[in-house]
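My entries follow in the order I made them.

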Amino acid sequence: MATYLYKLGRLAFRRRRYVALVWVALLALAGFGAASASTATSSSFSIPGTEAQRAFDLLEKRFPGGSADGATARVVFKAPEGEKVTASANKAEIKDIVGELKSGSDQIASVADPFAAKAVSQDGSTAYISVSYKVSSMELTDGTRDALEDAGEAAQHSGMTVEIGGDALQVMPETGATEIIGVAIAAVVLVITFGSLIAAGLPLLTALIGVGIGVSLITALANLLDLGSTTSTLAMMIGLAVGIDYALFIVSRYRAELAEGREREEAAGRAVGTAGSAVVFAGLTVVIALVGLAVVNIPMLSKMGFAAAGTVAIAVLIALTLVPALLGFAGKRVMGRRARKAAEAENRPEAKPNMGTRWARFVLRRPVWVLLVGVIGLGAVAVPATSLEMGLPDDGSQPKSTTQRQAYDMLSDGFGPGFNGPLLVVVDTKGASDGRTAVDRVSQEIEGIGHVAAVTPATFNKAGDAATITVIPKDRPSSTETEDLVHAIRDAGGEIKDDTGAEVLVTGATAMNIDFSEKMNAALLPYLALVVGLAFLLLMVVFRSLLVPLKAALGFLLSVVAALGAVVAVFQWGWLGSLLGVEQTGPIMSMMPIFMVGVVFGLAMDYEVFLVTRMREAYVHGESPGQAIVTGFRHGARVVTAAAVIMMAVFAGFIGSSESMIKMIGFSLAIAVFFDAFVVRMAIVPAVLALLGRRAWWLPRWLDRILPNVDVEGEGLRKDLTGGPSEGGGERELVRV
C-alpha cells in the first residue's frame, strides 16, 4: 500500500493543477446541487420492530387522514390570580382563539375547544387548546407558525398567561458563534505547531473543502434520502475534525522529509506513502464505526452514520490527493525559516530532546506508576456512569426561559405531570368476536392498574375495527413509574388478546421514547462486539501483532466509560452545567452513548495508528522496544497533541448549539478525545508497551502467513527506493512462535 500511495502522492504533486481543478469542480457541483435542492423536511422517525411503531403503522391504516405523524401544539392558558378560565370574558377570549387557529392556516388538521374537550383543570385556573397539523414540524410554513404565536400573544392582552408547547414551534438547530471559535482555536494550534501561516492554513482549507462537499451532498440528497436536520450538523462536526487531522499528519511528514534534504516531489510522495497509509487505516476505522451504527436498525441513526462516514471518506481522499497537490503550489514556503532550523536541529544526534522524548523516557522509567495513575484516574471519572439514565428529551428538558418549558410546567401544575406525556392505546378488534366489549374491558383493565390519572372514552374508526384510548399517567413522561405503567398495560393486553382476540398496542411519544431507549440498550453490546471485532482485525493487519490491537481496544473502552461518566455528571447531575449552558438536567439522550461509542472508537484508533505506527516503524528498523517508544513520541507526540487539541476545539464548538442533542454530543466527543488522546494514548499506551517489551509485537507464525502485508510503516517502499534492506539498517525479525 505504501508504494501505491507513494506513486499517488507524486502524481498528485506533479499534476497539481488538474487535481485542484477536479476538487474545486466537485465542490461547485455539490454546492449547485445543494442550492437547487428543495428545502429539506424533517426525517421521519421510526423504530422498526417495536410495539409503539406497530401501533403507529396501524393508526395510519385504520384512521386515514388522522395525521398521526403531523406536528402538534398545545396553547395553554392560565387565568390571572383569583380568576378562572371559565369566567365569561376569559372563556370568550379562548373561544375566539380557537376560531383564529382554525382559520389561521390550511395546514391545520384539527383544533380542540378546551370546554368541549374537557381540557379545563379542576380548579378552573388552567385550560389548553390541542392543535394538530397535517404535516410534520419541519414542513410547517412560517405563516403557520406565526399564526400560532400571534394567537398566543392576542390572548395575553386579556391578562391571562399564555404559553405554547409541542413540536410545532420546533426549528432548525442553531450552533452559535462557539463553532467559529472552535475553528479559530484550530487555526492558532496549527500556526503554533508549524510556525508557518501557509502550512497552518493548508489543513484548514482542505478540511473546509471536504466538509463543503460532504455537507452539500447531504443537503442535495436530504429530501430523496429522508435525512434529518441533525445529519448535516454531525457530518460537519466529524468531517471537519478528521479533515484537519488527516491533512495535519500529511503536511507534518512532508516537512520532516524536506528537512532531511529531499526534493519536494519526493518528499510529497514519501509523506503520502507513509503518513498516508496511516490516514487510510485511521479513516477505515472511523468509517467502520459509523457504518456499524446500522446494526441498531433505527433508520435515522443509520442515515446519520452513513452520511458522516461519507464525509470521512472524502476527507481521506482529499488528504491523499489534494493535500500533496497544494503542497506543490506552496513550495518551500510551507516551511518557515525558523521551523526549518528547528527540524534540522531535531534530526541531529546531539539535538536537545523535545517534550515528547522527555515524556516517553519518563514513562519508561516509571511504567507501573503511570499505568496505575491513568487507569485509576479514568476509573474515578467513570463512576457517575453507574447512574446513567437514558431517555429522549421532551419539553420538560427545554431551558426554563422557553415557552415550551413554561407550557409544560403550567400543564403539570394545572392537570398533573402526566398530561405532558399521554399514552395512546390502540385496540385492533378485527380478530375479536365482539369488538366493543373487548374495548370496554381494555378501559377497565387500564383503570385498575394504578398510576393512572385518567382514561378517556374510546374512539372508534369508521369501519369499527379499531379504537383508540388516551391514558393520562400520574407521573411525568420520563419517570420510571410511567415506564412501568406502559409495561403493565402491555402485559394486560396479552391476556386480553388470549381471551377476546383483540390486540392491544401502546404508542404515543412517551411509549416511543421507552421503546427507543430499550432498543438502544439492547443494541449496545452487539454493536460494540461488531465494531471492536472488525477494528481489532484491521489493527492486527496494520501492526502485525495481537497484543497491540487488544491494548488499543481496552484503552478505548476505558476512555469511553470515563467520557460517559463526565456526561452524566454534567447533563444528568448538573455539575458545571451553568458553565456549559446546561439549563435543565435530565436523562441522557438514548442515542448519545451508542453514537459516542461509534465515533470515539474511530477517532481513538486514529491516534493509535498514527502514534504506534511510528513505534513499529522504528522497531522493525532495528531499535529496541524501549527506544522505539521514544522514537515514536519524538516524531509523533507533538503532532498527535496538536491533532487532539484541534479535534477537541472543533467538537467543543458545538456545545453552543441550541439543540440539546448536538450540545451533548459535542461535549461527549470533546471530553472523550481528551481522555483517549492524553491519558490513554499518551500515558497508558507507552506504559503498557514498556511493560510488554518485545512481547507487544508477538504474532503466531501461522497467522503471519495468513494476514496480508499492507506495509503501513513503509518498509517495502524503502526497499523499492533504495534497492536494499532499508535506510536505517537491517530489518528486525518480529517475535514469532
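**Entry 1: H18 and H19.** I looked up this helix pair in the predicted model. The axes of H18 and H19 lie 9 Å apart, and the helices pack at about 135°. Axes here are lines fitted to C-alpha atoms, for helices over the stretch in contact, with angles from 0 to 180 degrees between N-to-C directions. Helices (H or I, at least four residues) and strands (E, at least two) are DSSP runs, numbered from the N terminus. The pair is therefore oblique; under 35 degrees counts as roughly parallel, over 145 as roughly antiparallel, 65 to 115 as roughly perpendicular, and the rest as oblique. H18 passes H19 in a right-handed crossing, meaning that the near helix is turned clockwise from the far one by less than a right angle.

I then listed the contacts, meaning heavy atoms within 4.5 Å. On the H18 side I noted Val548, Lys551, Ala552, Phe556, Val560, Ala563, Leu564 and Val567. They meet H19 residues including Met592, Met596, Phe601, Glu608 and Val612. The contact of H18 with H19 has 16 nonpolar, no polar and two charged residues. For these classes, Ala, Val, Leu, Ile, Met, Phe, Trp, Tyr, Cys and Pro count as nonpolar, Asp, Glu, Lys and Arg as charged, and the others, Gly among them, as polar.

Residues are numbered from 1 along each chain as its sequence is written, and side-chain values use heavy atoms, with hydrogens and water left out. As this is a predicted model, local features need pLDDT of at least 70 and side-chain atom pairs count only at pLDDT 80 or more, while totals for chains, interfaces and linings use all residues.

**Entry 2: H1 and H9.** H1 (residues 2-14) packs on H9 (residues 264-291) at about 130°, with the axes 7 Å apart. These two are therefore oblique as well. H1 passes H9 in a right-handed crossing. Among the H1 residues in the contact are Leu5, Tyr6, Gly9 and Phe13. H9 brings residues including Ala268, Val272, Gly276 and Val280. I counted seven nonpolar, five polar and six charged residues in the contact of H1 with H9.

**Entry 3: H12 and H20.** H12 (residues 355-365) and H20 (residues 625-652) have axes that come within 7 Å and cross at roughly 150°. That makes H12 roughly antiparallel to H20. The crossing of H12 and H20 is right-handed. Gly356, Thr357, Trp359, Ala360, Arg361 and Leu364 of H12 make the contact with Gly626, Ile629, Val630, Phe633, Arg634 and Ala637 of H20. By class, I get seven nonpolar, three polar and two charged residues for H12 with H20.

**Entry 4: cores.** Which residues touch the most other members of the largest nonpolar core? I found Tyr246, Val425 and Phe556, out of 185 residues. H19 (residues 591-620) gives the most to this core, with 20 residues. A nonpolar core is a set of buried Ala, Val, Leu, Ile, Met, Phe, Trp, Tyr and Cys residues joined through side-chain atoms within 4.5 Å. Buried means under 20% relative accessible area, exposed over 50%, and partly exposed in between (1.4 Å probe, protein chains only). A second, separate core of 24 residues includes Val98, Leu148, Ala151 and Ala168.

**Entry 5: single residues.** Val334 is in the loop between H10 (299-330) and H11 (337-347). At 0% relative accessibility, Val334 counts as buried. The contacts of Val334 include Ile198, Val251, Tyr254 and Leu258. Val334 and Leu202 are 132 residues apart along the chain, with their C-alpha atoms separated by 8.8 Å.

Val370 is in H13 (residues 367-382). Val370 is buried, at 10% relative accessible area. Val370 touches Phe362, Val363, Ala683 and Ala687, not counting residues up to four places away in sequence.

Arg544 is in the loop between H17 (509-543) and H18 (547-572). I noted a positive phi near 50° for Arg544, which is not a glycine. Most residues other than glycine have a negative phi. Arg544 counts as buried, at 7% relative accessibility.

**Entry 6: whole chain.** The protein chain has 23 helices and 11 strands. Of its 737 residues, 55% are buried.
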